[in-house]
Amino acid sequence: MIEVKNLSKRYGDKQAVNNISFKVEKGEILGFLGPNGAGKSTTMNMLTGYISSTSGQILVNGVDILEDPIAAKANIGYLPEIPPLYVDMTVDAYLGFMYDLKKCKLPRKAHLNDVCNLCKISGVRNRLIRNLSKGYKQRVGLAQALINNPPVLILDEPTVGLDPNQIIEIRTLIKKLGKSHTVILSSHILPEIQAVCDRIIIINKGVVAANGTADEIARNITNEHKMTLRIEGSTHTASDKKEIADAIRALGGVKYVRADMEREKGIYDYDVEAEEKVDIRRAINDLCREKGWNILMLQLSDLTLEDIFLKITMGDTVVGDVSQQTETSSGPKLNLKVEDGQLIATEQLSDAAEEILEESAADMNKADDEEENGGEE
Amino acid sequence: MGAIYRREMGAFFTSGIAYVFLSVFFLLSGIFFFNGVIGSFTTNTSTMFSSMFIIVLFLIPILTMKLLSEEKKNRTDQGLLTAPVGLWSIVLGKYLAALTLFIIAESIVFVYSVILSYLGTVAWPPLLGNYFAMLILGAAFIAIGLFISSLTENQMAAAVASMVVLLLLYLLDSIASLVSNEYLKKGLNALSFYSRYVEFTGGVFSLPSVVFFLSVAFFFIFLTVRVLDKRRWS
C-alpha cells in the first residue's frame, strides 16, 4: 500500500531523515515511534506530499507522490500534528469545505453524518471551531482525514490533548479503522503504540532504528534472558540473601544475580540474568529443592517497549554501560528513567552500600523499582 | 478551486474584512463622486476614476493580506497542500475570491451612474472603459498582494509591505522624472501603473496597457505558485 525507498530529507546542513525505507501493507496499523526531533513528522509530511523529499521515492498505492501528487494524495487522509482547522468556521461548514476540496463523490449528507458519528462530533456540528475544546478540535481533525474514505490514514499524534476516556475512544476507533484502512500512526506514548499497532518502526536521529512487532524488536535487540525470583530462605534474615544469591550465581549459565529489596518479611527478590538462550529455571528449582528453600515467585521479565525505546534512543554510551554492568555484578548499575520527558540516567549504589541504606531508604527504592518495572506489571 | 473560492468568500464576510473593505471603498468613492462629479456639475466621471487609484492602492492590501499568510500561520496550509488539489487551484481560488470582492466594490459606480442619469446624460463608453481599467488594475494589484502574502506568516506585515510596494509603483512616474539616465527613465516609465491607468480615464483604450496589467497579474500569480512549490522543497 505504501512503499518508501531510501527516503532522505535535508534542511540546509541538517539531515532530518536519512535513507529510510519501509513498507506498509494493506490493512496494517503501523506505529511510528521516536523521541522528539527524530524525524517522525518530517517523514509523515513527506508521505502526504506536504513537503518533498531530498532524495528517495514514496509510492502510495503504486503511485509516486512526486510524479502524480493529486492521484497519490486522493488515497491519503492526513491528520497533522496541529489539525488544519479554520477556526472561524463551524464544524459543519468546515467538513463541507473538506468534502468539496477532496472532490468527494460519496453522498454528501450521509457521508458527513457517518464521519461525524464515527468521531462523535455530531453534537457540535453547528458550533464554531474556535470555541471547541482541544479534544473536540482533535476529533474534527480526525473527521476531516476520514472524509472521502481514503484507503490510507496518516495520523500524527492523534491522541495529544485528549482526556483518558477520549484516548481510549480514539484508540478503539483507530483499531476499528485499521480493519478497513492502512493506518500509520505516530506517538510518543509507548503503551498506546503497543495497544494499537500491528507493527512498530522506531526512528532515531532520522534513521530506522528498529522495525517489527514489539516482540520481534525485543528479540533482535537483546538475547538476554532475565527473570525476577522471590525465594524464601531458611533463616528469614539478611544472611539468607547472600547465601541464596551466591548459590544461584554458582549455577551454570547464570550471568548475573542481584539481590533486590525485601518484599515480604525476611524474604528477598533476586534479579537473575542467564546467558544467551540458556533456560535456568529448572536448575534453580532443583537448587531450591535441594537446599530446602521455597520459590514464591518466578517472573520472566522480557524487555518492554519502554526498555527497547530507551535502549535505542539513549545511544551507544548507555548500552555500553549496561553491558559493563552485566559483567561485574558488584559494579555500579545504571537506572534509566524518564522524568518530565527527559531521559535521566542515575547511578545506583552498589549492593554492599545498598544493604546498609536499605532500611532507611526502603520507600525511596520502592518507588524507583516500581518505576523500573512499571511496564511489566 | 471552487471549494477554496467559496471558503475564501465566506471567510471575507465572517472575518469582517469584506464589510470594512466595502464600506471604506463606498465611503471614499462616494466622496470623490460627490466632489468630483456632482459638485462640479458634470457627468464626466474621469476625475473620480483617476482619484480612485489611490483608494484601490490602499484597500487592496487589506483584501490580500491574510489570504496565504494566515494559512501558513495556522498550519491550515497542511490541509490544502495534502488534499488532492493542485497549487494553481489553491492560488487561483484565493485570487478569484479577492477579485470578486473587488468587482463587487467597484460596481458601486453603476449606482453612481444611475444617480447621474437623473441629472443629465451619462457617457457610457468612457464610463465602461474606466470600469474595465479599474478592474484590470485591481487584478494586477491583487496578484501582487497575494504574492506578498505568500512570503510571510504575519498578515500585518503582508498588508504593510503590499501598501509600500503599491505606493512605490504609484510613485514610479515621479521617481522616473528624477532619474537622469535616459534608458532607466524609459524603463521606469514603461513600468508605470499610474500613467497607464490615467490613459484610460482620459478616454483612450490602450491595448498594450491591458496586456501589461494582465501580464503583471499572471506573473505574480505564477510567482505565488512558485513560492508555495519552493516551500515544499526547502
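Trainee: How many salt bridges does the rule find across the interface of chain B and chain A?

Mentor: In this predicted model, the rule finds one salt bridge across that interface.

Trainee: Why is the pair D100(A) and R6(B) called a salt bridge?

Mentor: The closest N and O atoms of D100(A) and R6(B) are 3.2 Å apart, and a side-chain nitrogen of Lys or Arg has to lie within 4 Å of a carboxyl oxygen of Asp or Glu, so the pair meets the rule.

Trainee: Which helices of chain B supply residues to the side that touches chain A?

Mentor: Helices α1 (2–14), α4 (77–81) and α12 (207–233) of chain B each supply at least two residues of that side, and α1(B) gives the most, with six residues. The residues of this side of chain B divide into nine nonpolar, seven polar and six charged.

Trainee: What makes β6 and β10 of chain A edge strands?

Mentor: The open sheet of six strands in chain A runs in the order β6-β7-β8-β3-β9-β10, with mixed pairing. Strands β6 (76–79) and β10 (207–212) of chain A each pair on one side only, and are the edge strands.

Note on methods:
Residues are numbered from 1 along each chain as its sequence is written. Chains are lettered from A and ligands numbered from 1 in the order in which they are written. This is a predicted model: local features need pLDDT of at least 70, side-chain atom pairs count only at pLDDT 80 or more; totals for chains, interfaces and linings use all residues. Side-chain values use heavy atoms; hydrogens and water are left out. Helices (H or I, at least four residues) and strands (E, at least two) are DSSP runs, numbered from the N terminus. Ala, Val, Leu, Ile, Met, Phe, Trp, Tyr, Cys and Pro count as nonpolar, Asp, Glu, Lys and Arg as charged, and the others, Gly among them, as polar. Two strands pair if DSSP finds at least two bridges between them.
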